[in-house]
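These are my notebook entries on a single protein model. I set down each item in the order in which I looked it up.

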Amino acid sequence: MNRRNFITLISTTLGLGAASCKPPDERIVPVVEPSSEVYPGVPNYYTSVFTMQNVAYGTVIKTYDGRPVKIDGNELHPASRGKSSAIMQYQIYSLYDSKRLRKPHLGNEAVKLEDTIQTIINNLKSAFEKNKKVGIIIEQHCSPALNEFLIKLSNDFPLVINYVLSTKQSQEAGVNKLLCGIDGEFAKDFRNKEYIFSLGWDFLGEDKYSLYNVHQYFSLNKKPKLFVAESNMTVTGAKANERLALRPDEYESFLADILLHILIKNSDKEISELIELIKPIRKNNFAITETIAKNLLAYKSLILIEADQSPIAHCLGAILNYFINSDKTFLKDIKLLPFSANHNSSRMRLIDDLTNHSLESLIIINADNIIANDKQLIELLKKYDTDKKISFSLYETDFSKTCGLSIPTSHWLESWGDAISIHGGYSIQQPIIAPINQESEQFQDVLLKVFQIITPGFLKGINSYYDFIRRYYAPLIRNEEEWEQVLKDGVFYDTDNLVRRIGEDANKNINMVNAKKVLSEYKYYGANNRFQAIFVNSNEINEDIFFPNPLLKELPGSMTKLTWHSAALLNPAEAGKLGIENGDNIKIETGNKEIKLPVLIIDGIAPQTIILPAIQRNILAKSVQINSSDYRTNNLPYISVEIKKTNNKTKLALVQKQNYLFESGTGRFNSLKYYFRTAQKPIFNNNENTKDNKWVMAIDIDKCNGCGSCVAACQIENNIPVVGKEEVLNGRIMHWLRLDRYFLNPQDINNPKPVWIPVPCQQCDNAPCESVCPVSASTHSPDGLNETTYSRCIGSRYCMVNCPYKVRRFNFYDYHKGTEKSLELMNNPELLRRMRGVVEKCSFCIHRIRQEKLKIKDFNSNGEMIDSFKTACQAACPSNVIIFGDLNNHKTQVSKLLSERNSFHLLGNLNTKPSIYYLSELLESEYA
């Protein structure tokens, strides 16, 4: 994009806020010291909050000339603590995505936004005149103001009914209501725990609260002993002290066996009755359950059950949590997840109303993906007239096309809102940029306008949703000065009720009558001679809500290393019995239905178990190919299936095909020593560092869970392009940071020990790449960095051949060429976009180093850089794997850390003298 076009686009964007259909502009406040002017080319920072269903993470948005370019975590927010996930960071793409729904559609005709207001009014008036209900279907959220807004709508318009839906078929809230009288899901607190037993819950990986869980778990000074029983090979299982690969139809039996070991010695009559109900659930005796029971009683323990497990499993888990606490007050300090009431009941109410034709009109708000993945809802909604359905969505979807009126909503970075975290911290979501799409608007503002026209007295004095938020929080934020401070900090608290605690109104004893009722309804749905299939979220789409985002699709799965599409997962033993190889297409049959998928063979999957993606879309994300709701029955996360091999094969877009560590000539072995060695003799020329700074990075591989947040941060920060599935198949992925995942005990395919090794450019002092470059494009800086001058590079690729770490990337094409003009706005102006024929690699965020040096030169007299900035990957990492700093300054964190712990270099025997130091207790034990 040339300068003239850029200025034109920016001017147009900033002018959109003045459109007649928009609410009045409100001032937003930077998180840093406010300035009366915005200087061109100087970044500014604003706080906001990213929400994903009922999860809230505080964010800090970096902007240049009014356009957001980077999303980081807010250090003051209790859930994010300055950290960010890949999904959070890649939201910057969806803001500028040209594939967003651009214009409202009435039928097949594009209309103006103003025209949609009258259409909705006519629709609602028609329903009210017939005394028929109007349903508002909305996705699960964590917004107190939105909740109050919807309640206000229902109170003032009794025919308006709210339905809150969730993508997860969680059974936990319903069981908690039966057993404890609390309709909600409990937040898990790992502090002060000595032993954790997790059944199928990947709380360090795919869980929606994983960013918070990872930071909480790895920040503990003494981590509790973790035992994981699961069917899939998850990140949580990888980090467990002990792991058991368990068939999904054995979960309930396993829990029952543990509980019987705890209760069997109790002579209480009520407990004896409970034992008799539990015995039929225990189908097998497991050798390890007695040890687990003893550990649960001996230590301060916690039982974790995956949210969509059966009511039986959750009931057994709740009873276990109750009996392992000696004072029987396990509810004393438990916190509830925000707005986590049993949404299955809301779904059933909707199904009943649709079946009975009680609803005259439907307004669907950002819930297209939930409905599209619910076969029963889809079939019922097909019977409704098209003009009775109104959809608000960011993208055009298969479902929105079936609605008579489809309205584009504004992006969360363009909207006002709020959210509450599990700690009780409130955050205000403020617009960072005026709506790029002038035909989009917040659905709250549209509904407010519609209902105020129908009834002029509705929310009198409120002219926009911004006004509603200000009024809602008026008791907590009393004046303009406090409001600006709230926007600056990004989080505030209700000091009179800091955290919602379960106290006097909760049943501190388990309701055993209800518990027995749940357990008495137990039925076994498995089949010992058949495979059990479980559905899990695909890494690249995560519950189907971000499927249009190519950055997420190209991010390798943490365990699978698969990009762009999903596959069925089998362990090597089961694949061998069936004669299946990687990429073979299989047919999975259940009843009269079948699923066709390619296979990826991976260690750690339970015997006679196959892992399927909950949602599988085609490569263009136009239609759903697999929908778990079509197959799941009986509130169970698994189904019994038969597997048949077909004659077709699919090329899997894997970024890593080697699962084990090899030493030349010896084959597999259970050791990291091949990669982490000490230097033996010099091979390359020495390049001593003589200046003041020596920039190094320490990487603690014991903490790394392969989440990919560092890869995402590096990609957004450095304008790294997406190359597409075909180029990934050709081995040409452009990510500067590679996350190698290896299994360390290949002799045990059921319980491997995965380890992740982040591999950026090693910034060698004796860099093999520098001596072979014919044009001196690869050079050494005075502060120990291996620099690349892109304007000199002629693409000889000698440096790539001579690099033993294979961390350099070559631009085979102008990947940025042809990018939509809107997407160019997301580029970081601090870095160049590399052209075809140029080699690129990690630079230790050299632009951040240089900026910090200039800042210190201007404002700091002593000139010291003591952990005053972070690299992009370091800032994002939720488990604090990466520590960066000046090794020559003994006050820096990295210098202190490396002086206290043993560290190792990658292929250190080559004497390249890398500036990356790896830390690991496992390595230390090997070298002891």
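**Entry 1: helix H6.** I began with helix H6, residues 172-180, and found it mostly covered, with 7 of its 9 residues buried. I listed the buried positions as Glu172, Ala173, Gly174, Val175, Asn176, Leu179 and Cys180. I then asked which helices the buried residues of H6 pack against. They pack against helix H12 (311-323) and helix H19 (512-520). Directly after H6 I noted glycine 181, which has a positive phi near 75 degrees.

**Entry 2: confidence.** The model is predicted, and I therefore checked its scores before going further. The average pLDDT of the protein is 82, and 85% of the residues score at least 70. Over residues 6-24 the pLDDT stays under 50, and the model has 36 contacts beyond four places in sequence for that stretch. Residues 664-670 also stay under 50, with 16 such contacts in the model. Where pLDDT is low, the predicted coordinates should not be read in detail. I left both stretches at that.

**Entry 3: helices H5 and H17.** I looked up the crossing of helix H5 (residues 144-156) with helix H17 (residues 465-472): their axes come within 10 Å and cross at roughly 105 degrees. H5 is therefore roughly perpendicular to H17, since an angle of 65 to 115 degrees counts as such. On the H5 side I recorded Pro144, Ala145, Leu146, Glu148 and Phe149, which meet Tyr465, Phe468, Ile469 and Tyr472 in H17.

**Entry 4: the sheet of S36, S29 and S38.** I traced an open sheet of 3 strands in the order S36-S29-S38, with mixed pairing. S36 and strand S38 (916-919) stand at the edges with a single partner strand each, so one side of each has no neighbour in the sheet. On average, neighbouring strands of this sheet are turned by 20 degrees against each other, direction ignored. Helix H27 (residues 893-900) packs on the sheet and touches S29, S36 and S38; its direction makes about 110 degrees with that of S36.

I next took the pairings one at a time. Strand S29 (residues 695-700) runs antiparallel to S36, and 5 bridges join them. S29 pairs with S38 in the parallel sense over 4 bridges.

**Entry 5: glutamate 589.** I located glutamate 589 in strand S20 (residues 584-590). Its relative accessible area is 19%; the cut-off for buried is under 20%, so glutamate 589 counts as buried. The side chain of glutamate 589 makes a polar contact with that of lysine 644, at 3.5 Å. Leaving aside residues up to four places away in sequence, glutamate 589 touches Arg530, Glu594, Ser640, Val641, Glu642 and Lys644.

**Entry 6: tyrosine 493.** My last item was tyrosine 493, in strand S17 (residues 492-493). Tyrosine 493 has 32% relative accessibility and counts as partly exposed. I also looked up its separation from serine 427, which is 66 residues apart from it along the chain: the C-alpha atoms are separated by 8.9 Å.

Definitions and conventions: Residues numbered from 1 in each chain as written. Predicted model: local features only at pLDDT ≥ 70, side-chain atom pairs only at ≥ 80, totals over all residues. Heavy atoms only, no water. Pairing = 2+ DSSP bridges. Helix = DSSP H or I, 4+ residues; strand = E, 2+ residues; numbered from the N terminus. Buried < 20%, exposed > 50% of the residue type's maximum accessible area, 1.4 Å probe, protein only. Polar contact = N/O pair within 3.5 Å; in protein donor to acceptor, adjacent residues only side chain to side chain. Contact = heavy atoms within 4.5 Å. Axes fitted to C-alpha atoms, helices over the stretch in contact; angles between N-to-C directions. pLDDT = per-residue confidence, 0-100. Parallel < 35°, antiparallel > 145°, perpendicular 65-115°, else oblique.
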